[in-house]
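Visitor: I have a structure on my screen and would like to learn how to read it. Could you walk me through a few features?

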Amino acid sequence: MTDFYWMHSVLWGVAGFLLIPAAVLAVRFAIIIRRYTPNIRRMFEESPIFSPPAGHPREGAEAVEFPTTRGLTLRGSYLAADRARPKGLVVFCHEFRADRWSDSAYWEFLRDDGFDVFAFDFRNHGASDSDATYQPRHWVTEFELDDLQAALAYLKTLPRSCTLPVGLFGISRGGGTAIGVAGRDSSVSCAVTDGAFPTHTTMLIYMKKWMKIVVGTSWFYENMPNWYLALIRDCVLARVERDQGCRFPRLEPLLRRIAPRPVFVVHGGRDSYIRPEIARQFFEYARPPRELWIVQGARHNACLERAGAEYRERVLGFFRQHLAGEPPCSAALRRERGLPQEAVRQPGEPSGE
């Protein structure tokens, strides 16, 4: 009988040892959700002040329009290369608060090199229709993925583009959109992104950074597991999705699904909005062939401005090899052009910074 009571006491002790921390976590979770949800929501509802440059229509652009979800009409421009048989088709995805013309510096050199380019305005941007019930922000939602998928569906109906290999090129939110669609649509041959970021990973990193201020208890903050923070994030996300009538797709698994098609990720080394460590962590979800280029000294959406000729050559080299099927730039040609020897990487090679 003594042994029975001893075992009974041990079991209750173990149960208490396990249940008390769980109860503390549950109480803390309830307090955070109730008291600090507005602070976390601010990261979703307050957008950085972006001021994309003004642009103007280009000569030879064919204006088009096509339908997307919710009965909206999107407007874009087809810019054909000056050749009967283009090398391929690059679909460009502009950044938040921009339009197809304000980011033209990113795709003009592609057109000059023999690629057809299709640029369009996302909903609530440029000349496209606006959805009065949707307030776009810098986070990627299913609406942006719907718009890009509608653009690809439209291009498949055009005689010139329906047989061309398609590559995606996106900046910031447009880059995240390109990753999301490339991960779902196997007809996309390759993708280039500049300043792309995933909602879920970015939120978790910033929550960990600011949680000490939000929670106020250093012991609890320092010992908070990632799964616990992720649970809080997902609860807040669910509320934001319900209130704003949109969904935030998980881009991390979609980036993984792009393989074996190649992806080239570019990011600014001095990006203060989406810090380079976020880009590196996001990039780890990609599978070869993949390449990461951290442009030293570049701020958010300023890699082209910072790197100039090397930026254009790397992007061109990627599309020439993976979209047009041309051989990669040789070491001798890179030396002749004064480019770094690692300017264009072979599939599966380690990424550089």
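Guide: Let's start with burial: a residue is buried under 20% relative accessible area, exposed over 50% and partly exposed in between (1.4 Å probe, protein chains only). This is a predicted model, where local features need pLDDT of at least 70, side-chain atom pairs count only at pLDDT 80 or more, and totals for chains, interfaces and linings use all residues. Residues are numbered from 1 along each chain as its sequence is written, and side-chain values use heavy atoms, with hydrogens and water left out.

Visitor: Is His94 buried or exposed?

Guide: His94 is buried, at a relative accessible area of 0%. Contact means heavy atoms within 4.5 Å, and beyond four places away in sequence His94 touches several residues, including Phe120, His125 and Ile171.

Visitor: What about salt bridges? How many are there?

Guide: Look for a side-chain nitrogen of Lys or Arg within 4 Å of a carboxyl oxygen of Asp or Glu. That rule gives 20 salt bridges. In one of them, the closest N and O atoms of Arg58 and Glu108 are 2.4 Å apart.

Visitor: Which residues form a network of salt bridges?

Guide: Lys87, Asp113, Glu313, Arg320 and Glu326 are linked that way. Elsewhere, Asp131 forms a salt bridge with Arg70, with closest N and O atoms 2.8 Å apart. Asp131 is buried at 9%, and Arg70 is partly exposed at 46%.
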